[in-house]
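I opened the notebook to look up strands, turns and a few single residues. My entries follow in the order of looking.

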Amino acid sequence: MDITEALCGARRRCLGPAPGVDAAAAQRRVCQGARQETLQSNLVFLQKQKEEFKPGGEKQSDALLGTVASERQRLRDTFQELQQFLWEQEAVLQSQLDQAHRELAEERQQYISSVSERKSLLDTLIVEIEKKRDQPVVEFLTDVGKTLSSCEAAKAPIPEPVSPELQRTVQSLLETSQLVLGAMAKFKVNLLSEMDRERVKVTLDPETASPYLILSRDCKTVRLGDRQQNLPDTPQRFTGSPSALGSQGFASGRHYWELEVGDGDSWAVGVAAESVRRKDSLTMAMGKIWALRRDWDRQYTALHMPPAPLALEEEPRRIRVHLDYEAGEVTFYNAENMAQILQFKASFTEKVFPYFWLWSQETSIQVCA
């Protein structure tokens, strides 16, 4: 029953049928009046809504469109200026190197000519001296001065293949070129680092590492030792499994890091909740771990509760672990071709940390720079 019918019913109960008037007709008039009142009320409401209806969403969209267009143009102009600058600097350096190349070629040719002339002179003098030393005195003394003079010329040092001045010029150009190449390499790394804001620097936390694990001095590589180390059994330390956490945890945002696992086995990498059980076995702690594991038989497992076997087409040697905290996703990629390996769906309610597990002395896990 709608509101109009309810009003009609109420009026019927209060007034009853009018004397001499058909009850059904009276009911219809009452209902009609109630509906007209309802329509009029709705009309007034809608007219007021129309007067006040001034949506401003287009302004926000227009402002963002203008900002994006302006940023596109600014980015294009900046890159064009940078490209022009680089082309100009390349042209200068290439011209200097070309000039040095020409001078080196000229001096090389001069050196080769000098060596060839000296060799020819030596051959000629040797023949002349061997012939003259057996001549009679009169013939021997004839032109002997010329021969001796040629001998002195043959003893003169041959010019250096490259002049000291040209050597200094070339060395300076090579140093400049190396500085430029180094600066360009740093520029590319810094630019990619600034653009790739999701990548984080991960190190292993020695306070959480199992006594069976050995961490490198920079805390970026972990391997399995041959015996248990004498370390304090703190609440943070894993003692039930050869595990360790990263030093930095995450409670929001999107982050990723890459790990080198090589061709080893019996390893696992991923993330773990801060409340993961650290004194129990891996099986007992698995509910708070989301990891990719490679077992001793070279089989892969999605390490969570319950664990699930994986069939991979290729064996990754470098792995990217990507965490999207708000979306509740932990995704693993083969970092060499960015093929997705595995993705967990979760609902995080606490801080999560990079997780490492290792049970083979032939294997190490290294955090990539």
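**Entry 1: a proline in a loop.** I started at Pro306, which is found in the loop between β7 (300-303) and β8. Strands here are DSSP runs of E of at least two residues, and helices are runs of H or I of at least four residues; both are numbered from the N terminus.

**Ground rules.** I noted that this is a predicted model, in which local features need pLDDT of at least 70 and side-chain atom pairs count only at pLDDT 80 or more, while totals for chains, interfaces and linings use all residues. Residues are numbered from 1 along each chain as its sequence is written, and side-chain values use heavy atoms, with hydrogens and water left out.

**Entry 2: the six-stranded sheet.** I traced an open sheet of six strands in the order β3-β12-β5-β6-β7-β8, with antiparallel pairing. Its edge strands are β3 (243-245) and β8 (308-310), each of which pairs on one side only. Neighbouring strands of this sheet are turned by 20° against each other on average, direction ignored. For pairing, DSSP must find at least two bridges between two strands. For angles, the axes are lines fitted to C-alpha atoms (for helices over the stretch in contact), and values run from 0 to 180 degrees between N-to-C directions.

Seven bridges join β5 to strand β12 (residues 352-358), in the antiparallel sense. Val271 has Pro354 as its bridge partner in β12.

**Entry 3: the seven-stranded sheet.** I found an open sheet of seven strands, again antiparallel in pairing, in the order β1-β2-β13-β4-β9-β10-β11. β1 (213-215) and β11 (339-345) are the edge strands, and each pairs on one side only.

Strand β4 (residues 254-260) runs antiparallel to strand β13 (residues 364-367), and two bridges join them. Leu259 has its bridge partner in β13, namely Val367. Seven bridges join β4 to β9, also antiparallel. Here Glu260 is partnered by Arg318 of β9.

Entry 4: How many residues of β9 (residues 318-324) are buried? Six of its seven residues are, so I logged the strand as mostly covered, where buried means under 20% relative accessible area, exposed over 50%, and partly exposed in between (1.4 Å probe, protein chains only). β9 also pairs with strand β10 (residues 329-334), antiparallel over six bridges. In β10, Asn334 is the bridge partner of Ile319. The two strands form a hairpin with four residues between them, and Gly328 in the turn has a positive phi of about 65°.

**Entry 5: His255.** His255 lies in strand β4. Why does His255 count as buried? Because its relative accessibility is 15%. A polar atom of its side chain lies 2.7 Å from the backbone oxygen of Ser252. Leaving aside neighbours within four places in sequence, I listed contacts (heavy atoms within 4.5 Å) of His255 with Glu198, Val200, Phe250, Val321, His322 and Leu323.

**Entry 6: Asp265.** This residue is found in the loop between β4 and β5 (267-273). Asp265 is buried yet has no salt bridge; Arg298, the nearest side chain of opposite charge, is 4.8 Å away. A salt bridge requires a side-chain nitrogen of Lys or Arg within 4 Å of a carboxyl oxygen of Asp or Glu. For charge, Lys and Arg count as positive and Asp and Glu as negative; His and the chain ends are not counted. Not counting residues up to four places away in sequence, Asp265 touches Arg294, Asp295, Trp296, Ser360 and Thr363.

**Entry 7: Leu312.** Leu312 is found in the loop between β8 and β9. Leu312 is partly exposed, with a relative accessible area of 28%. I listed Tyr300 and Ile341 as touching Leu312, residues up to four places away in sequence not counted. Leu312 and Ile341 are 29 residues apart in sequence, yet 7.4 Å apart in space, C-alpha to C-alpha.

Entry 8: Cys219 is not a glycine, but its phi is positive, near 60°. Cys219 lies in the loop between β1 and β2 (221-224). At 17% relative accessibility, I logged Cys219 as buried. Met338 has a positive phi of about 60° and is not a glycine either. Met338 is found in the loop between β10 and β11. Its relative accessible area is 37%, so Met338 is partly exposed.

Methods:
A polar contact is a pair of N or O atoms within 3.5 Å; within protein, one must be able to donate a hydrogen and the other to accept it, and residues adjacent in sequence count only if both atoms are side-chain atoms.
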